[in-house]
Amino acid sequence: MDSLGEPVIVSEKDDFCEEMMKRLDLQRRNEHFCDVILEVGSGNYQARLKCHRIVLCAASPFFYNALNNDMKEKKEGVIKLKQTSKSMKEVLEYVYTGQVDVNANNAYELLAAGDYFLIPSLKDVSATFILKKLSALNCVTAYYSAIKYRCEKLKKGTKEFIHTHFEAVTKSKGFLNLSVEQVEEWISSDEIIVDGEERVFEIILRWFEARKGRNQRHFYDLLRHVRCVYVPHDYLFKVMLPHPFVNKHSKCSTLVLEAMKMAFNGTGECFFSQSPRNCLKTHEDAIFAAFALENNNRHGQVNLLCYIPLLDEWRQLDPPEEIKQKNFDVLTSAYHGKWYLLGEDNRNRRGRNQLGTRPSPIKLAQRYNPVLNRWDPVQSPLKVLRGFAVVTFQGFLFVIGGETENGLRLNTVQRYNSETNIWQEISPLSSPRSNLCALADEQFMYAIGGNEYLKTVERFNQRTNTWEKCPSILTGRQNAGGAAIKQKLFVFGGLQPSSTAGHPFEMYNSSSNTWTGISSVVAPRGRVSAVSFKGKIYVLGCFQNEQGREENKQCLKIYDVDQHDWKDCKDIHISG
């Protein structure tokens, strides 16, 4: 393009268009045929830039409106841009050629110019450069610049970066200088990535302490976005509650105490009253089940399955190495977002060995982390036992009753603390029991029924550390299952084989302190497991058909406590 008088010699249409724009730009630089002047800047940054009216109007609605309205710009052919940055030459280069050298010195000026002159593609070119240079130190500035200049590409990219590197970003000067409303916007998000919910509390403290004089009433506005049910209970007790920002302000301390009460009720419902951050999601959308298929009247290998209610889908889990080649009797419980398997190898029930003694049982105590898809060993209960009940209550995992390897029934109650990985015996049951059902609501932990189809019910009061008698269930049960939901207890199955006496399940109303039998043709009458999940009860067992005969297969059904009806889930399928 040495001479503007030479013809354009290109074979492709795109090349022709590009060459034409380059020639127009060269004409602009040489001030050929220019018919409009841009007076840019003020003071030391004044400049008069000659351009072509038709090019400016085609590229920018701003110039189109300025040069087509009945204003002096149209008549005089002069547009004064005193507030425009000194990057106007680069803007014109982009308008004429579609190319510009974006660098650290002009990226934000070009972003602002693209917004001012209504040239979205110039904003995107600037955003591409800024996104490549993002760091924990500059991403906050980039994000709010994206909002100011209405650049969706930059806003989306910086937001994802801040979410991903949130803990590091919150230590930057840019974050610490944000307003309380801006901080609230970030810490309320499901998308921020932190290695624990307690980090959000620490981020709030750091922001408050970064500048003296911040209004204490704003602390509550931020604290309410800490999802306390996912904070370790030791941290709640030892760090959050004693902190002066919390314990000296009733609204703050009440907020934490109420969340603790909800988290410690042990029913699992607390994990759905407040959604976890996406990075901390564990079991809230899944139900886990463990059971063994019968094989020649013996328990087969334990199968571990996961049911996804949203998809109505079962998935098989790879079990811990300990139980892959052995037959275990297991009980399970969800506790602090993880799934616990407790039990023993049942080979000691199959007679004596060559020396005339029973083989020593092999303990099983494993914890599954859904986030990491990994099994980890944990400390097993203090006593070797089977036929026990397991339940979560007020922040601890409990193992209740059971039998020793010699068949001696136990009244012991053992409490597990996941923070210390230690079991501790607490007040025992009033009498030894095995094969019982254990449930918990917000106030009490219940031991229901048991061996030889007991009707006994007692409940544990954590404040007094004592067990107290409750009204007996209407029908004796062992190996029953149950769930606590909506201030009521529901106990399913556990009835004597071939017996038609008694209701298939019962409901306990704590306000009236009474049990009520509930009739159902299809409800299971034998061994059952149950769990409450998002306002409904999921029951696993062998259900009855419409003729009242037990079906010879395990299945999962949903019981709606309000409508008193059952809904089918997808059939269980075990590979192999």
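Start by selecting Val399: opposite it, in β13, stands Gln414. You are looking at a predicted model, where local features need pLDDT of at least 70 and side-chain atom pairs count only at pLDDT 80 or more, while totals for chains, interfaces and linings use all residues. Residues are numbered from 1 along each chain as its sequence is written, and side-chain values use heavy atoms, leaving out hydrogens and water.

(Strands pair if DSSP finds at least two bridges between them; strands are DSSP runs of E with at least two residues, helices are runs of H or I with at least four, and both are numbered from the N terminus.)

The open, antiparallel sheet has four strands, ordered β11-β12-β13-β14. Select 389-393 and 422-426: β11 and β14 each have a single partner strand, so one side of each lacks a neighbour in the sheet.

Then move to the helices α6 (107-116) and α7 (120-132), which pack at about 155° with axes 7 Å apart. (Axes are lines fitted to C-alpha atoms, for helices over the stretch in contact, and angles run from 0 to 180 degrees between N-to-C directions.) That makes α6 roughly antiparallel to α7, a label for angles over 145 degrees.

From α6, the residues include Tyr108, Leu110 and Leu111; from α7, they include Leu122, Phe129 and Ile130.

Conventions. Angles under 35 degrees count as roughly parallel, over 145 as roughly antiparallel, 65 to 115 as roughly perpendicular and the rest as oblique. Contact means heavy atoms within 4.5 Å.
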